[in-house]
Amino acid sequence: MAKRSPIEQIAEYKKRRGLATGSEASYAIEVLQQQWKSSAIPDHVRDFVPIRLVTELEVFARAWIGQLIDHGLPYAENAQLLVRDTNLKFDYAISRALLGQTLTVGDLISHNVSINSVEQIISNFTKIVGHDFLPSIASVHDRAKVEIYGEPIKPIIADVDKMCAVLAKLFTVRHILIHEKPRETPYIHSEVGEFIEAALSLVRATMERFLTLLYGRYPLTQADMNVNAGQRSEAAKLELAKLVSEITPLVGTLFSDAQQAWETFSKQQALAESGLGTAGAGSMAPMIYNGVIAVLTHERISYLSQYKELLQSR
């Protein structure tokens, strides 16, 4: 069997994984926690829990590292600190994959960093955000619980040092279970609940921190999400309109016809994906519609920006 290239391995991973936003881990660990508390996990498969928890943490960390890098500055620039710790070399094959948009820079770097312990996860997060990460999540609270459900403000992580100690033990246990065949179980029954709670606390606090870094006071309710998506869509449209007005005098009516056709396409694509205006459309339809419009508009802006440079260079 021919050896797969790193690019092929990452591409296959993405295909198996599907769309990864870094938010799935919280739900997966919550389900695991419910099953554990309800004794739905038999003792003979109990070892699955710490193994699965570490997998969720690793996938979560890579997803967020990639998302932060692809978001842009300052994280894309900070990523050079991560590259130094890898064997990643930007050769012709990687350059071609990037130009062809098969992979992103975030994909390449996030899949090459080492995430074999909680210390490495925290260290990687520190490098990518540009400040000491652990103290920044020590006081993070759940905005939804406070702003929607009226609960008092309290940190998601009750004790940062204890959480790190528990997670360090979790990674050790997982290593023993995967790579060794111990005569005795490397953990006691009561520690499983602690493993789950520590992993869930890290994931929740990290998500809250990263979402705030990227989007500020991001919307929490569906109504606010719909409004926010509409605002982002309109902002993208204004940016595109300015670019179109700069290109049109250089090329004339054929470009105007092409742009009008693109606008028709983008609206139809957004309608097809969102179902907006149909009988089965739900409350998320406006958000999905505007989200598609924003994505397509930014893609159009990127393409036309290059086209404008080409025209001006002639």
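1. Axes are lines fitted to C-alpha atoms, for helices over the stretch in contact, and angles between N-to-C directions run from 0 to 180 degrees. The note below concerns a predicted model, in which local features need pLDDT of at least 70, side-chain atom pairs count only at pLDDT 80 or more, and totals for chains, interfaces and linings use all residues. Residues are numbered from 1 along each chain as its sequence is written, and side-chain values use heavy atoms, with hydrogens and water left out.

2. The protein chain has 15 helices and zero strands (DSSP runs numbered from the N terminus: helices are H or I with at least four residues, strands E with at least two). Of its 314 residues, 38% count as buried, that is, under 20% relative accessible area with a 1.4 Å probe, protein chains only.

3. Helix α11 (residues 160-179) and helix α12 (residues 189-215) have axes that come within 9 Å and cross at roughly 115 degrees. The contact (heavy atoms within 4.5 Å) involves Met163, Val166, Leu167, Lys169, Leu170 and Val173 of α11, and residues of α12 including Phe195, Ala198 and Leu202. By class, this contact holds nine nonpolar, one polar and three charged residues.

4. Buried positions in α11 include Val160, Cys164, Phe171, Ile176 and Leu177. The buried residues of α11 pack against α3 (48-71), α8 (118-129), α9 (133-138) and α12.

5. At the start of α11, the backbone nitrogen of Asp161 lies within 3.1 Å of a side-chain oxygen of Asp159.

Definitions and conventions. Nonpolar A, V, L, I, M, F, W, Y, C, P; charged D, E, K, R; others polar. Buried < 20%, exposed > 50% of the residue type's maximum accessible area, 1.4 Å probe, protein only. Polar contact = N/O pair within 3.5 Å; in protein donor to acceptor, adjacent residues only side chain to side chain.
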